[in-house]
Amino acid sequence: MNKYSNICAVKTLLLFLCLATGHLLSGCASLGKGAAEAVLEKSENEDSRQCQVWGQAFTGITADLAKKQGKTKVLFVHGVGDHTPGYTTQFLEKLAKELNLNVRSEGQKNIDLNTPLFPDKDLGNLRVTHLLNEQNGQELTFYELTWSGITRQEKALLNFDTSGEYDFRRARINGMLKKFSNDTGPDPIIYLGQSRVPILAAYAQSFCWMATQDWGELPSSGKHACLGLNDSNADRIANDNYVIISHSLGSRIVMDGMQRIASLLANPEKHLGSIKQYTLSTKAIAALQSKHIPFFMLSNQLPMLQLGRELPEVAGQEASYCYPGGANYKKRMLKETEIVAFSDPNDLLSYGIPPGFSEKYIDSRLCAKITNVNINIAKVMDAFGMADLANPMQAHVGYDQDDRVIAMIARGIGNPGASPLIKQRCEFVKEVK
């Protein structure tokens with residue numbers, strides 16, 4: 001957000017404080033531009049935003065890039081609101097700079113996702129960019145999933161509410177808030193309905209393309225379906241490094257997506273029915289079972305979006321599935337799912353992951369390990385000693401532009417290779433069982 005937008009936000013919040021604390025409007029008349037700028041300048045000069053990490057040390061993408069075998073591949077999944085392909089451009093440029101990947105593909109590859117399960121349905125877009133460092137040969141392929149097209153048609157039901165016939169009746173600021181609400185509010189509701197399976201299919205297709213094809217083999221454009229994991233993919237799956245990044249509702253989508261893939265691998269007939277195009281070889285599944293995959297969840301929403309939902313098919317059986325010698329060890333999906341959950345305490349829509357959550361609410365076949373990052377994305381401002389405040393909108397949408405978040409994704413924390421910024425600004429506390 002620019003300085004003018006922040007000043008407007010400060011003025012609005014200061015006015016709210018006057019009303020909330022019982023001050024007369026006449027006594028607050030002096031809280032104009034100058035007062036708002038004073039609060040803002042103080043907050044900008046004194047960046048005391050907190051950054052605390054509780055859980056296990058992790059290495060970030062840099063460690064994967066340094067490996068001699070396999071490719072490093074990153075998949076990004078957005079949250080609520082209408083998105084168009086390219087929404088990760090600013091984040092990707094900052095990440096590339098942090099990883100010293102100074103060359104990128106001239107263009108992107110854009111796959112219109114399709115699946116035999118819904119042959120006539122638009123499942124969104126997978127936009128793929130290739131990055132590399134010419135000096136040391138390190139390379140990264142970045143996959144950006146845009147699933148907004150699945151919910152766009154359903155949200156069109158609310159278009160009348162922001163049309164000229166209705167919108168002119170609202171105050172201007174309220175009209176802006178109404179448009180934002182109509183764009184973002186319906187997505188979690190729609191996701192719980194009939195669009196949930198197509199969205200999860202879009203995620204499964206994206207994961208499949210990431211797992212089975214390298215940059216040079218991906219189609220440049222057009223509508224395509226990835227048709228499963230077979231013996232020819234097994235070595236690639238075993239050697240490549242995967243990273244998943246999500247924002248907001250995306251945290252629920254990626255976990256549901258992985259749980260659905262786990263269920264599909266265990267019982268293909270339940271999800272594929274009579275469709276014969278897909279292949280799932282034993283060798284490829286065994287390669288997947290050897291994988292450790294980090295999930296970086298920005299503005300994590302797993303606890304809130306678990307409310308009212310059914311429990312996973314397999315839960316509370318970590319010892320059986322995740323430890324060698326366990327009765328179901330050979331039936332796991334992954335060796336380990338490393339969940340790093342980012343949440344700003346001033347983000348009204350994000351949550352840390354409490355102890356015991358993974359055992360009850362995450363499929364045991366994923367072998368989840370949790371690390372919580374409690375981080376101020378929005379600056380907390382002191383409003384003349386009356387109260388402190390932070391912009392909740394910035395606290396929700398600013399994760400992917402925060403230098404500390406990007407440095408942590410790139411280089412981790414609690415390891416010698418962590419960024420100096422993280423060593424200086426973030427506190428790490430290791431947790432043990």
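Author: Arginine 252 has a relative accessibility of 3%, and because buried means under 20%, this arginine counts as buried. Please keep in mind that the model is predicted. Arginine 252 belongs to helix H11, which runs over residues 250–266. Leaving aside residues up to four places away in sequence, arginine 252 touches Tyr191, Gln259, Leu302, Leu305, Gln306 and Arg309.

Another helix with buried residues is H9, where 15 of the 17 residues are buried, so that the helix is mostly covered. Helix H9 takes in residues 196–212, and from its first C-alpha to its last it reaches 24 Å, which is close to the 24 Å expected at 1.5 Å a residue.

Turning to the rings, a search of the whole structure finds eight aromatic pairs. One of these is formed by phenylalanine 91 and phenylalanine 142, whose centres are 6.4 Å apart and whose planes make an angle of 45°, an arrangement that is called tilted. Phenylalanine 91 lies in helix H4 (residues 89–98) whereas phenylalanine 142 lies in strand E6 (residues 139–146), and therefore the pair ties together parts that are 51 residues apart in sequence. Phenylalanine 91 counts as buried, at 1% relative accessibility, and phenylalanine 142 is buried with a relative accessible area of 1%.

A further tilted pair is made by phenylalanine 357 and tyrosine 361, with 5.0 Å from centre to centre and 40° between the planes. These two residues, phenylalanine 357 and tyrosine 361, are separated by about one helical turn, because they stand four residues apart in helix H15 (residues 357–361).

Lysine 291 lies over the face of tyrosine 242, at 5.0 Å from the ring centre. In a second case, the ring of tyrosine 329 has the charged end of arginine 332 over it, 3.9 Å from the centre of that ring.

Definitions and conventions: Residues are numbered from 1 along each chain as its sequence is written. This is a predicted model: local features need pLDDT of at least 70, side-chain atom pairs count only at pLDDT 80 or more; totals for chains, interfaces and linings use all residues. Side-chain values use heavy atoms; hydrogens and water are left out. Buried means under 20% relative accessible area, exposed over 50%, partly exposed in between (1.4 Å probe, protein chains only). Contact means heavy atoms within 4.5 Å. The expected span of a helix is 1.5 Å times one less than its number of residues. Rings of Phe, Tyr and Trp (its six-membered ring) pair if their centres lie within 6.5 Å; planes under 30 degrees apart count as stacked, over 60 as edge-to-face and the rest as tilted. A charge sits over a ring if NZ of Lys or CZ of Arg is within 6 Å of the ring centre and within 35 degrees of the ring normal.
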